[in-house]
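Work through these exercises with the structure open. Try each task before you read its solution.

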Amino acid sequence: MTRKKTEEQDIEPVQSKDGSDIEPQAPAGNSPAKAAPTARSQGKGYALVAVVYLLGLCMGALDMGIVNPARTVIQNTLSVDDSLGVWIITIYTLAYAVSIPIMGKLADRHGRKGVYLLCILLFGIGSALCGVAQDLGNFWILIGARVIQALGGGGIMPVATAEFGTAFPEEKRGMALGIVGMVYGLASILGPTVGSAILEMFGATQWQFIFYVNIPICIIVLILGVKRLPNAQAEKTGPLDGLGILILTLMTLSLMYGLKNIDFFDFATSIASTDVWPYLVAFVVLLPLFVLREHRAADPILNLKYFTNANIVIAFLCAVISGIAMMGTIFFPQFCENAMMMKSGSGGYFIALLGVGSGVGAMMSGKLIDKHGVKPVLAMGFLGVAIGSIFMAFVACTWPSLLTVCATMIITGLGLGFTMGTPLNYMMLENTDEKESNSALAALSLVRSIGTAIAPAIMVAFVVHASAYLQGNLMDAMPSEVDVSELPHAAELDSELASLRETENGAKMLEGVDIPSLEDYRTIDVGMDSASGDGSFEMSDETLEQLKNSDVTTVVSACKALSSEMFDAMKPTIESNIQGGFDKGIASMQEGLDSMNAQMDHMPAPAAAAMTAQRDELQTVVSQMEEARDAVPAMLDEAKENYLTEVDNDAAEIQEAYQQTMNSGFKGMSLFVAACSIVGLVLLVPYKDKKRLAQSGK
């Protein structure tokens, strides 16, 4: 009797043709026999089930980055500034993080099928409303639609990943999760590239197609999902923890928003900002309330025992690091464009190499996990990311070329493929019960989102810090002076005025008059100090914006715009100085001429004749000075044109200065990612890999 019961307990349910579970039947005969366990992945038609989940996963991952290249276009179309426009992405990130644990728990309680299809429906409705927002020209409809979209997107990944992680037998789990990691990694990395391609295809003003492209995919997934998806679910253990959901939502929003607003290069100031500290304080206050609530809940939204399991805590910490490494890729297009001196928007072609490397790494990691366990595979991933980042910092940033840039993309991509999804998902499933696989993976995704929230703030700080030196470095690369044609009669006037000052009458006539040496104006100094005279020159908002938004291919044009403004600012001062000296000299000499004319009226003819010759010479000098004075504006216009030509001639030096300055920011960013990856390697040391322990017989 005991043996019979044991055998019956070993029998696992098999699937019907529509994928639903049915009771196993004992073979014909007098004594029952144990049915062979059958993984859902071996059921008829499971390939179509896998496609349904992967389609949704791909769509959700793409949308994490597909909007990035269109953000400025969208905010300009809807007439909002940067401070509001950034919420197009921020609100999605926050709502996505809130949705993850809730949808994971609902999938555990009510089955994956219903929750997954609900998430797809929400994502489709949100996408449609995002497109409608452009037709209505309403920014707030877009924000609301992004929330709906994110609520759906937050449930797609953990549910789809849990299905693959539990549907395949344990010896093939790594391969299955490798497929998920490949699809998710490729879609996440290529999201901005796809967004740029859609904008190029339909036109920048037709950005609604970035969202409309999701609708047919959602419809296909919904139709196939209703017909083909199985709906296995865990038994309900108690009422849904509504209060826990509310507290966790507020905690998540507070933590994510506070972390996103920290400037890690000005930590003390930013932590004191009202955009940071109140939200972090709110998180700290809510945390013990959440713990207390979850201890009392019949069916807690988040299993607190995860945080007492050393293996799971290590997985969580590694997830934060993987989120940081993954978010570093959002700056790779800009790095590639800067390194290769390509126009903005063209760096996406290099990201394809990163995506290929990531896809290959994800597939390889899955198979290697099945053979060797998760710990060495994740270690290989962190090591690959560290090597790729260090190579980028010390080779690609120092000697940018097609070879070094491509090598960076491939090495880093392979490392990310071994890191991003497969090993961490495997670690989570390996250390939790199958009945809570959805919420377990949701918890992992939520923790990973902490890394994705912190990373952009830190990495932007590196780029911004480098940009602070950009204007000074560009000015150093630009010409500091410009040659111009000499003013009319310049040499002759300098000589005549010098001779005149040596005579008694001339010295008296020009006493206190400062007429500049005209030979000194063959060369004009150019710079910020020259433009204002006191170093207070400020460029216009338009030119400042052009300089801020320039890339390595447009920086010379931005410098020419800055140069033009500097000359326009310099011209009145230089013109006033030169012409003021001339006017004083002319006025003084005119007084002398008037005095000579008055004296000549009372002189004898011989004396008057001699003074007439002196007067005529002085009148010639006055006429020459007037001609030179009147030529000053034209001389300055010539200087401006000559300087702009010099800027064009120095284009290579200016581009190199821009490239090296920005590369210093990318270097710091890549070293930060490398340091985090090395920390990940250290964290893995105490991890107890169950597969390796089993293989070693321990």
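**Exercise 1. Is G137 buried, partly exposed or exposed, and where is it found?**

Step 1. Take the accessible area. G137 has a relative accessible area of 44%. Buried means under 20%, exposed means over 50%, and partly exposed lies in between, using a 1.4 Å probe and protein chains only. G137 is therefore partly exposed.

Step 2. Find its place. G137 sits in the loop between α6 (112-136) and α7 (139-167). Helices are DSSP runs of H or I with at least four residues, strands are runs of E with at least two, and both are numbered from the N terminus.

Step 3. Look at T77. G137 and T77 are 60 residues apart in sequence, and their C-alpha atoms are 7.7 Å apart in space.

A note before you go on: this is a predicted model, where local features need pLDDT of at least 70 and side-chain atom pairs count only at pLDDT 80 or more, while totals for chains, interfaces and linings use all residues. Residues are numbered from 1 along each chain as its sequence is written, and side-chain values use heavy atoms, with hydrogens and water left out.

**Exercise 2. Describe the salt bridges E163 to R112 and R293 to D241.**

Step 1. Start with E163 and R112. Their closest N and O atoms are 2.9 Å apart. E163 is in helix α7 and R112 in helix α6, 51 residues apart, so this pair links distant parts of the chain. Both ends are buried: E163 has a relative accessible area of 2%, and R112 has 9%.

Step 2. Turn to R293 and D241. Their side chains meet at 2.9 Å, N to O. R293 lies in helix α13 and D241 in the loop between α10 (214-228) and α11 (242-260), so the pair ties together parts that are 52 residues apart in sequence.

Step 3. Compare the ends. R293 is partly exposed, at 28%, whereas D241 is buried, at 2%.

**Exercise 3. Classify two of the 13 aromatic pairs.**

Step 1. Recall the rule. A pair of aromatic rings is described by the distance of the centres and the angle of the planes. Rings of Phe, Tyr and Trp (its six-membered ring) pair if their centres lie within 6.5 Å; planes under 30 degrees apart count as stacked, over 60 as edge-to-face and the rest as tilted.

Step 2. Apply it to Y306 and F316. Their centres are 6.5 Å apart and their planes stand at 75°, so the pair is edge-to-face. Y306 lies in the loop between α13 (277-296) and α14 (310-327), and F316 in helix α14, so parts ten residues apart in sequence are tied together. Both Y306 and F316 are buried.

Step 3. Apply it to F567 and Y643. The centres are 5.4 Å apart, with 55° between the planes, and the pair is tilted. F567 is in helix α26 (residues 555-600) and Y643 in helix α28 (residues 632-649), 76 residues apart. F567 is buried at 5%, and Y643 is buried at 0%.

Step 4. W87, Y257 and Y279 form one aromatic cluster.

**Exercise 4. Which residues form the nonpolar patch on the surface?**

Step 1. List them. The patch is formed by L118, L121, I125, L129, V132, L136 and I141, with about 540 Å² of accessible area together. Areas come from the Shrake-Rupley method with a 1.4 Å probe; for residues, only the protein chains shown count as cover.

Step 2. Know the rule. Patch residues have over 30% relative accessible area and no salt bridge; nonpolar side chains (Val, Leu, Ile, Met, Phe, Trp, Tyr) are joined within 5 Å, and like charges within 9 Å.

Step 3. Find the main source. The largest share, six residues, comes from α6. I125 lies in this helix and is partly exposed, with a relative accessible area of 40%.

Definitions and conventions:
Salt bridge = Lys/Arg side-chain N within 4 Å of Asp/Glu carboxyl O.
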